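Let's take a walk through a protein model, one piece at a time. Have the sequence and the 3D view open as you read.

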Amino acid sequence: METKSRVAIVRDLRPLSDNDVDEMVREVVRLTGGLKDLVQSGATIVIKPNLVAPARPERGATTDPRVCKSLADQVSELGGHPVIAESSSIGVDTEDAIRECGYETLRSEGYDVIDLKKERLVTVPVPRGTALKELRLPEVVLNACAVISVPKMKTHDQSLATLALKNMKGLLPDTLKKQFHTTFGVFRAVAELNTVVRPSLSIVDAIVAQEGLGPVFGAPVHMGVLVGGRDPVAVDTIAGSIMGIAPGSLEISKHAAELGVGVMDPQFIEVVGVPVEAVSRRFTLASEALEETLDLPEGFELIFNEMACTGCRTGVMSSLWDLAEQGKLGVLRDTRIVAGLMDTPPAASPKRTIYVGVCAGKHRGEGEYVQGCPPNNVDIRSCITGSKDQSFFVA
Ligand code: SF4
């Protein structure tokens with residue numbers, strides 16, 4: 001009989017002390033088979049959180065440092081060398097994220113927390129690649145005896161959800177992150193990355209998850225849940241089901257299953273611990289949240305080409321957020337904001353059109369233009385409001 005991929009769910013709805021979180025992590029690891037076979041004495045185990053941007057963990061955008069701390073302790077207890085490693089999103093200083101997300105405290109306690117943007121890179125082939133032939137990845141990751149993916153459970157404006165497979169994109173240098181969006185096709189490329197560095201264990205942090213305008217500006221959701229397993233595709237399938245997202249809707253999972261990274265068919269997945277139905281809750285998707293969350297004026301349109309990556313998406317969303325807080329969203333009446341690489345611009349319109357980011361720059365003559373890769377949030381805001389005291393660029 002075929003062995004099923006096991007996915008464990010644990011839940012604790014109480015306000016959680018550091019000790020409670022440690023117990024939860026140990027329980028989910030135990031239910032997934034423990035760490036003994038993954039940790040060789042003296043070998044490096046990379047623990048990969050999601051620190052997409054400087055944001056406190058209680059906002060639900062970044063992995064709770066207590067989860068990584070517990071995993072690091074368990075690796076150390078088995079004689080391994082845990083390294084908590086991240087490269088934040090394009091244009092973000094990972095050190096800022098390390099500070100704001102609570103990982104500087106771990107450093108001061110002696111944990112090894114590193115910025116992958118500063119690490120030596122090595123080129124490796126992608127044998128199963130069709131989008132990718134080779135990748136440049138941090139040597140520390142390639143030399144590790146195992147990688148543990150520790151994503152946040154949250155919605156994403158491009159991939160519906162960002163979970164264990166997508167979290168691995170944070171191993172890449174910024175140049176490759178951009179090319180994943182602009183050149184290779186992000187869903188396929190992330191799946192192929194997971195064929196080169198397949199996480200040996202994935203623990204999804206949904207102690208506080210995030211719904212709506214993810215991956216950064218969504219609303220926190222108190223779940224008190226961890227989801228874990230050895231098969232990252234199965235883990236994402238179950239985590240997606242908890243969020244109300246059907247398995248077939250997760251494009252990265254579909255490519256990863258096709259590439260043999262894991263299974264997404266629920267009949268080949270065994271759930272242990274708390275049942276999915278007991279913890280599931282339909283998450284508001286990013287596409288549903290924009291109008292619900294922000295009081296946008298008539299005639300406003302946001303056009304993110306599918307190649308627009310996190311840099312432009314986050315820059316635009318944070319600008320809208322700032323304008324909302326300043327009560328200035330009205331300036332967006334009959335305005336289109338366009339980002340991402342595209343051969344042809346959106347059809348001509350009497351609306352004011354603002355092209356954002358160098359990828360959209362070749363169409364700058366057809367509207368206003370904010371340069372940058374990623375574009376600066378201040379420049380986007382200044383262009384929208386027409387303030388003269390900031391640098392912005394009009395073609
Ligand atoms: S311009 Fe924007 S969409 Fe293009 S690579 Fe830079 S951040 Fe990404």
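What follows looks at one helix, its neighbour and a glycine. Keep in mind that this is a predicted model.

Start with helix 8, which spans residues 186-196. Is helix 8 mostly enclosed or mostly open? Nine of its eleven residues are buried, so helix 8 is largely enclosed by the rest of the structure. Among the buried ones are Val 186, Ala 189, Leu 193 and Thr 195, and you'll also find Arg 188 and Glu 192 there. What do these buried residues pack against? Their partners are strand 6 (134-138), helix 6 (164-167), helix 7 (174-184) and helix 10.

Now zoom in on that last partner. Two packed helices are described by how far apart their axes are and by the angle between those axes. For helix 8 and helix 10 (residues 251-258), the axes come within 8 Å and cross at roughly 45°. The two helices are therefore oblique to each other, and the crossing is right-handed. On the helix 8 side, Phe 187, Arg 188, Val 190 and Ala 191 make the contact, meeting Glu 251, Ile 252, His 255, Ala 256 and Glu 258 of helix 10.

Why does Gly 262 count as buried? Because its relative accessible area is 14%, and buried means under 20%. Leaving aside residues up to four places away in sequence, Gly 262 touches Arg 198, Asp 231, Val 233, Ala 256 and Ala 257. Asp 231 sits 31 residues away along the chain, yet its C-alpha atom is 5.5 Å from that of Gly 262.

Technical notes: Residues numbered from 1 in each chain as written. Predicted model: local features only at pLDDT ≥ 70, side-chain atom pairs only at ≥ 80, totals over all residues. Heavy atoms only, no water. Axes fitted to C-alpha atoms, helices over the stretch in contact; angles between N-to-C directions. Helix = DSSP H or I, 4+ residues; strand = E, 2+ residues; numbered from the N terminus. Parallel < 35°, antiparallel > 145°, perpendicular 65-115°, else oblique. Left-handed = near helix turned anticlockwise from the far one by under 90°. Contact = heavy atoms within 4.5 Å. Buried < 20%, exposed > 50% of the residue type's maximum accessible area, 1.4 Å probe, protein only.
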